[in-house]
Amino acid sequence: MENGIITKLLEFQKEIQAIKKDAKNPHFKNTYASLNQILSEVKPLLSKHGLFLSQPVREGNVMTIITDGSESMVHSEIPLPTNLTPQQLGSAITYFRRY
């Protein structure tokens, strides 16, 4: 397919640069790219190439799905730990979405 999802992802990959690390982890004294930073850099380029990113939680898994409207790819699927408080669950979802 001339304009299939793989071709669009390749064009996206040619343009994306290293994501700027904008957050600090005081415990480990290192920096990392926050979810907001990742999405702010990735989404405009995905849109430019006709791609849409979603990260639903389904059946206890955080998924990353990329679609062009006719084809979809599950980029990753990470199972969430069980028996978490709501705050711990929210933190785990955000953490897994970054990865």
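Helix H2 and the pocket

Author: Helix H2 supplies the most to the lining of the largest pocket, namely five residues. The model is predicted, so local features are used only at pLDDT of at least 70 and side-chain atom pairs only at pLDDT 80 or more, while totals for chains, interfaces and linings use all residues. Residues are numbered from 1 along each chain as its sequence is written, and side-chain values use heavy atoms, without hydrogens or water.

The largest pocket has a volume of about 590 Å³. (On a 1 Å grid over the protein atoms alone, a pocket is an open set of points where a 1.4 Å probe fits, with protein on both sides within 12 Å along at least five of seven lines; lining residues have an atom within 4 Å of a point. Points join across faces, edges and corners, and the volume is the space filled by probe spheres set on them.) Its lining has 22 residues, and those closest to the centre are Ile-38, Val-42, His-75, Arg-98 and Tyr-99. Two or more lining residues come from each of H1 (5-15), H2 (35-48), E5 (61-67), E6 (72-79) and H3 (86-98); helices (H or I, at least four residues) and strands (E, at least two) are DSSP runs numbered from the N terminus.

H2 itself has 14 residues and spans 20 Å from its first C-alpha to its last, close to the 20 Å expected at 1.5 Å a residue (1.5 Å times one less than the number of residues). At Val-42, shortly before the proline Pro-44, H2 has a kink of about 25 degrees (the angle between axes fitted to the seven residues ending there and the seven starting there). After H2 comes Gly-50, with a positive phi near 75 degrees.

Leu-35, Gln-37, Ile-38, Leu-39, Val-42, Leu-45 and Leu-46 are the buried residues of H2 (under 20% relative accessible area, 1.4 Å probe, protein chains only). These buried residues pack against H1, strand E3 (52-54) and H3.

Gly-50 also touches Asp-68 (contact means heavy atoms within 4.5 Å). Asp-68 sits in the loop between E5 and E6 and is itself buried, at a relative accessible area of 16%. Leaving out residues up to four places away in sequence, Asp-68 also touches Asn-3, Gly-4, Ile-5, Lys-8 and Leu-51.

As for the whole, the protein chain contains three helices and six strands, in the order α-β-β-α-β-β-β-β-α along the sequence. Of its 99 residues, 32% count as buried.

Key: Buried means under 20% relative accessible area, exposed over 50%, partly exposed in between (1.4 Å probe, protein chains only).
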